[in-house]
Amino acid sequence: RYVTRDYTEGLRTCKQIRMCLHDNIIQTLRESDYNKLNRLISENLDESKELRWGSKGLHEHENEHGVEERCDNFCSSEDEDDDSIDHRKGQSEDQSEKSESNKRHELENRATVSEIEDVDEIIEILRNTSAIVGMHPDQATGAIVDLALALKVPFAVVPCCVYHKVFPERKLKDGTLVTNYDMLIQFLVEKGSGHIGVAKLDFEGKNKVVYSLPRKARGK
C-alpha cells in the first residue's frame, strides 16, 4: 500500500496501490525492464481486485452466495506456532466490541481513500520510493523485504504470522525449513547479508521489527 497525505484545509487524502508483490514484479524491477513491468502490473491489478483482507490474511472475494472463498485458509492453527495463535485470539477478543461496518465507518471519517490504477503512475511511485514499512503485513512480509532490497531503499517490517504452509520453500541458510516465528525473523535477516537488524518495540504481542541498518552500521 502506497499512502500519501495532503493536509490542505485540514482534510487528509490517502492514496493506495492495490497489488500483489509477486517475485516476477520484484525481479523485473531489479532488471529495470519497464516494458515488461508495465504488462505484469496491468495483470496484477486485475488479480488483486479479487482479494480481500480478513482475520486470517488475504482471501478471495465473496461468491454469488455471499460466502467467502478463502485461499487455502492461509493462517490456520496448524500454520502457526503457539505464540501466534495466542496473539490472534487476543486480537479477536479486542476487536469483538466493534463490528466491521463500524470500523469502516470510522476509517472513512478519518480519511478519504482513493486507489491508483494508472500503471505508469504506479511504476513512477515504485521507482521513487524512499522507504518501505509494514506492520503485521501477513503474507506480504517477505515481499516487503525483497522489494526494499531490489529498490535499495530502507525498510522496517514487524512480522506476525509465519504462513509456513503458504511458503513451504522458505529455508534458512543451513537448510532448515521456516516453520515458526523466530525462524521467520532469522530468514528475513539472512536476506540482507549483514545489513539487516532486529529490535523489540514497546507493545505486547508480535513486537520484533526487522529493519535495514544504516550504511555506517553495516558489517559490525
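Which residues does aspartate 146 touch, not counting residues up to four places away in sequence? In this predicted model, aspartate 146 touches Ile26, Arg30 and Lys191. Aspartate 146 lies in helix H6, and at 16% relative accessibility this residue counts as buried.

One of these contacts carries charge on both sides. Side chains of opposite charge can pair when their charged atoms come close. The side chains of lysine 191 and aspartate 146 meet in a salt bridge, with 2.8 Å from N to O. The pair links distant parts of the chain, 45 residues apart: lysine 191 belongs to the loop between H7 and strand E7 (196–200), and aspartate 146 to helix H6. Lysine 191 is partly exposed, at 26% relative accessibility, whereas aspartate 146 is buried.

Together with strands E5 and E6, helix H6 (residues 141–151) makes a right-handed β-α-β unit. E5 and E6 pair in the parallel sense over four bridges; within this pairing, glycine 134 has valine 157 in E6 as its bridge partner. In a regular strand the side chains alternate between the two faces of the sheet. Strand E5 (residues 132–135) presents Ile132 and Gly134 on a covered face, while Val133 and Met135 make up an uncovered one.

The structure holds four salt bridges, and the pair of lysine 191 and aspartate 146 is one of them. Another joins glutamate 117 to lysine 49, whose closest N and O atoms are 3.8 Å apart. This pair, too, links distant parts of the chain, 68 residues apart: glutamate 117 sits in the loop between strand E4 (112–115) and helix H5 (119–127), and lysine 49 in the loop between helix H2 (34–48) and strand E2 (51–54). Glutamate 117 is partly exposed, with a relative accessible area of 45%, and lysine 49 is partly exposed at 38%.

A further salt bridge is formed by the side chains of lysine 208 and aspartate 182, at 3.3 Å from N to O. Lysine 208 lies in strand E8 (residues 208–212) and aspartate 182 in helix H7, so this pair ties together parts that are 26 residues apart in sequence. Lysine 208 has a relative accessible area of 22% and is partly exposed; aspartate 182 is partly exposed as well, with a relative accessible area of 48%.

Arginine 170 presents another case. This residue is placed in the loop between strand E6 (155–158) and helix H7 (181–190). Arginine 170 is buried yet has no salt bridge, and the nearest side chain of opposite charge, glutamate 169, is 5.2 Å away. A salt bridge requires the nitrogen and the carboxyl oxygen to be within 4 Å. Not counting residues up to four places away in sequence, arginine 170 touches Gly142, Val162, Thr176, Leu177, Val178, Leu184 and Phe187.

The cysteines remain to be considered. A disulfide is a covalent bond between the sulfur atoms of two cysteines. Cysteine 160 is buried, with a relative accessible area of 1%, and cysteine 161 is buried at 1% relative accessibility.

Definitions and conventions
Residues numbered from 1 in each chain as written. Predicted model: local features only at pLDDT ≥ 70, side-chain atom pairs only at ≥ 80, totals over all residues. Heavy atoms only, no water. Helix = DSSP H or I, 4+ residues; strand = E, 2+ residues; numbered from the N terminus. Buried < 20%, exposed > 50% of the residue type's maximum accessible area, 1.4 Å probe, protein only. Lys, Arg positive; Asp, Glu negative; His and termini not counted. Contact = heavy atoms within 4.5 Å. Pairing = 2+ DSSP bridges. Right-handed = clockwise from strand over helix to strand, strands pointing away.
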